[in-house]
Amino acid sequence: MIENFEPAYLKTARDGLLSKKIEAGRAVLRNCVLCPRKCGIDRLANETGICKTGHQAVVSSIHAHFGEEAPLVGENGSGTVFFTHCNLMCNFCQNYDISHEGYGRQVSDEELASMMLSLQAKGCHNINLVTPTHVVPQILSSLEIAIDKGLTIPLVYNSSGYDAVSTLKLLDGVIDIYMPDFKFWDTKIADVTCSAPDYPEIARQAVLEMHRQVGDLVIDEAGIARRGLLIRHLVLPETLAGTRDIMNFIHDAVSPNTYVNIMSQYRPCGKAHKTPGLSQPLSSQEYKQALQAAKEEGITRTDHL
């Protein structure tokens with residue numbers, strides 16, 4: 001339990017470190033290597049790479065979300081900010097119109113700060129930054145504005161897991177709850193679905209860095225997550241996600257007390273039909289087998305086991 005909880009970013013701001021992080025983030029945008037794609041373009045000049053995002057963030061929607069994990073939702077919901085575009089670009093994405101087709105609008109740092117504050121005003125328990133990897137500098141700049149105007153609830157970094165450790169280090173002392181996906185164990189599956197054969201290794205290093213920063217998930221007496229790591233894993237048909245290997249890694253290399261959400265909602269979306277094995281929904285039997293594999297690998301802290 002955490003008594004007298006204060007979001008990490010407030011101390012970082014008081015110590016004068018947030019402004020330095022903002023400066024460092026903007027410097028990265030000049031020759032963008034923010035994520036493992038390392039496009040190397042000048043986003044401050046509105047050049048765009050794989051994430052199709054220039055110097056301003058693009059947001060598709062904001063709302064109090066009641067479909068997230070229970071420790072995030074509580075009674076008033078998780079305050080989600082859905083960023084448009086993505087640096088991973090899974091061909092089966094269930095938000096294909098947002099990640100691939102670019103549904104959303106550009107927002108200034110001031111507008112993004114106002115969005116955070118509006119979600120806090122609605123009583124949301126946290127600010128849930130969805131697909132934030134490619135807009136970390138913009139988030140940092142907006143956060144500084146929001147802090148000055150009274151933001152005091154935890155920040156959730158809800159990513160694909162395709163995060164550069166160097167960028168995550170910019171977020172040390174800023175993010176309270178990391179919620180990455182760990183999508184694939186096999187490099188070939190990562191390549192055919194996302195053109196990212198390095199995804200498994202990148203995700204392993206990212207998850208380890210996230211855990212180093214915030215530790216295991218801590219939930220308060222009201223059942224609300226305050227700080228820590230929560231990993232999501234979407235089970236794919238025909239064991240294509242490599243669930244057992246991922247659970248083994250989490251237990252042995254991260255922490256046996258890691259909170260894991262093993263998700264069953266895979267369905268063919270986007271261009272999933274182009275990947276052998278992904279053209280059909282996940283069966284109930286396949287999901288049960290995934291849960292059993294997780295249990296056998298020692299994962300016990302989930303909503304399902």
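Helices (H or I, at least four residues) and strands (E, at least two) are DSSP runs, numbered from the N terminus. On that basis, His85 is placed in the loop between strand 2 and helix 4. This is a predicted model, in which local features need pLDDT of at least 70 and side-chain atom pairs count only at pLDDT 80 or more, while totals for chains, interfaces and linings use all residues. Residues are numbered from 1 along each chain as its sequence is written, and side-chain values use heavy atoms, with hydrogens and water left out.

**Backbone at two non-glycine residues**

- His85 is not a glycine, yet has a positive phi of about 75°.
- With a relative accessibility of 10%, His85 counts as buried (under 20% relative accessible area; exposed is over 50% and partly exposed lies in between, with a 1.4 Å probe and protein chains only).
- Lys38, also not a glycine, has a positive phi of about 50°.
- Lys38 belongs to the loop between helix 2 and strand 1 (57–65), and its 58% relative accessibility makes it exposed.

**Aromatic pairs**

- Rings of Phe, Tyr and Trp (its six-membered ring) pair if their centres lie within 6.5 Å; planes under 30 degrees apart count as stacked, over 60 as edge-to-face and the rest as tilted.
- The count under this rule is nine aromatic pairs.
- Phe92 and Phe184 form an edge-to-face pair, because their ring centres are 6.2 Å apart and their planes stand at 85°.
- Phe92 lies in the loop between strand 2 (78–83) and helix 4 (96–99), and Phe184 in the loop between strand 6 (177–178) and helix 8 (187–194), so the pair ties together parts 92 residues apart in sequence.
- Both Phe92 and Phe184 are buried.
- Trp185 and Phe249 make a tilted pair, at 6.0 Å centre to centre with 50° between the planes.
- This pair links distant parts of the chain, 64 residues apart: Trp185 is in the loop between strand 6 and helix 8, and Phe249 is in helix 10 (residues 243–254).
- Trp185 is partly exposed at 25% relative accessible area, whereas Phe249 is buried at 11%.
- Ring pairs join Phe92, Tyr162, Phe182, Phe184, Trp185, Tyr199, Phe249 and Tyr266 into a cluster.
- The charged end of Arg204 sits over the ring of Trp185, 4.6 Å from its centre (the criterion is NZ of Lys or CZ of Arg within 6 Å of the ring centre and within 35 degrees of the ring normal).

**Helix 9 and helix 10**

- Helix 9 (residues 199–214) packs against helix 10 at an angle of about 40°, with the axes 11 Å apart (axes are lines fitted to C-alpha atoms, for helices over the stretch in contact, and angles run from 0 to 180 degrees between N-to-C directions).
- Helix 9 is therefore oblique to helix 10 (angles under 35 degrees are roughly parallel, over 145 roughly antiparallel, 65 to 115 roughly perpendicular and the rest oblique).
- Arg204, Val207, Leu208 and His211 of helix 9 meet Phe249, Ala253 and Val254 of helix 10 (contact means heavy atoms within 4.5 Å).

**Helix 2 and helix 6**

- The axes of helix 2 (residues 17–29) and helix 6 come within 8 Å and cross at roughly 150°.
- The two helices, helix 2 and helix 6, are therefore roughly antiparallel to each other.
- The contact involves residues including Ile22 and Gly25 of helix 2 and Ser141 and Glu144 of helix 6.
- Ser141, in helix 6 (residues 136–148), is buried with a relative accessible area of 11%.
- Leaving aside residues up to four places away in sequence, Ser141 touches Ile22 and Asp109.
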